[in-house]
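Colleague: I am new to this one and would like to know how its descriptions are reached. Could you take me through them?

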Amino acid sequence: MADKEGEKQVEEGKIPLLTPYKMGRFELSHRVVLAPLTRQRSFGNLPQPHAILYYSQRTTKGGLLISESTGVSDTAQGYLDAPGIWTKEQVEAWKPIVDAVHAKGGIFFCQIWHCGRVSNTGLQPNGQAPISSSDKQLCPQPRSNGIDVAQFSPPRKLSIEEIPLIVNDFRVAARNAIEAGFDGVEISGAHGYLIEQFMKDQVNDRIDQYGGSLQNRCRFALEIVEAIVNEIGPDRVGIRLSPFADFMDASDSNPQALGLYMAKSLNRYQILYCHMVEPRWKPKGENVESLHSLVPMKKAFKGTFISAGGYKMEDGNSAVAENRADLVAYGRLFLANPDLPKRFELKAPLNKYNRETFYTPHPVIGYTDYPFM
């Protein structure tokens, strides 16, 4: 729940996004969160020294940062040069990056993911098929440049016996993240990747205990939550969900029920936060009007609620002031404005982001070269 001091300051007319918030053991100085942003600059799946500057540029004292999506195993990869955290070498490579964020007083969570069928044999160990909840192949998807098309290999449906092994990969990755110095982990359960491939009925056609009913489809996600909570403690665990999104051909026939079921079920594990993507969000272009709202999920979940999805300063302030979100995650705006909280404070103009360089495999261009005020 939003803390009383923050609510009082909002009432006094201070900028809602810039009021303090107590998130479990963490004293946040403001409510502007760096969203998880895949940047594809971890060559060979190894975090690189240039990430030290990138993350430290976006760090403020008492600010929360969520890392780019980080693979839990060698089968988790779906994007070239996305980082991992399943090997000792990767853990060691993350340490100076985390240290740089902590040196500036930031709070840093590692988002851990598995792409599932959003992959191809060229990115998989020994050229094997990607794994998923089913053998449904993902249709080709346009790349960010609007010209090229990404192709995905037919996936292999996980057997019941294999599922605990994947759960364990998430558990070990969470432990590795804490060893690397991260303050906690965010489980990637959004945007059509493996966990959502189990949760959503457009993809999951299983007829065993991991398919069919809403409870069965959410079983895999909740088993991962439970394993990680048991490994590192609930006060270091968050999860990201996008029940209303249809990204990567993953939609659900009743997203409202899915979101509510997950929000309520997560309370059993007393995790630190739930990070949910707005129904209006679209991966490219402007937000769309939606009849749906995250308010029922915010009311149902007992921990900190983070909202994301194409927010600008004004609607972020409204979301906090109206108690529709405790914290607001910013992606594209934070990518292009390393000093975003300061710009909000001064109501300063914002740098425009360049979509064409979001995933440029370069240590500077489109990465650390966006100017400060």
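Modeller: Gladly! Accessible areas come from the Shrake-Rupley method with a 1.4 Å probe, and for residues only the protein chains shown count as cover. By that method the protein chain exposes about 14700 Å², with carbon and sulfur atoms supplying 53% of it. This is a predicted model, where local features need pLDDT of at least 70 and side-chain atom pairs 80 or more, while totals for chains, interfaces and linings use all residues. Residues are numbered from 1 along each chain as its sequence is written, and side-chain values use heavy atoms, leaving out hydrogens and water.

Colleague: Why is the pair of Tyr311 and Tyr330 called edge-to-face?

Modeller: Rings of Phe, Tyr and Trp (its six-membered ring) pair if their centres lie within 6.5 Å; planes under 30 degrees apart are stacked, over 60 edge-to-face, the rest tilted. Here the centres are 6.5 Å apart and the planes stand at 65°, so the pair is edge-to-face.

Colleague: How do you know whether Tyr311 is buried or exposed?

Modeller: Buried means under 20% relative accessible area, exposed over 50%, and partly exposed in between (1.4 Å probe, protein chains only). Tyr311 has 5%, so Tyr311 is buried. Tyr330, at 2%, counts as buried too.

Colleague: What sits over the ring of Tyr311?

Modeller: The charged end of Arg280, 4.4 Å from the ring centre. The rule asks for NZ of Lys or CZ of Arg within 6 Å of the ring centre and within 35 degrees of the ring normal.

Colleague: Which residues do ring pairs link into a cluster?

Modeller: Tyr54, Tyr55, Trp94, Phe108, Phe182 and Tyr367.
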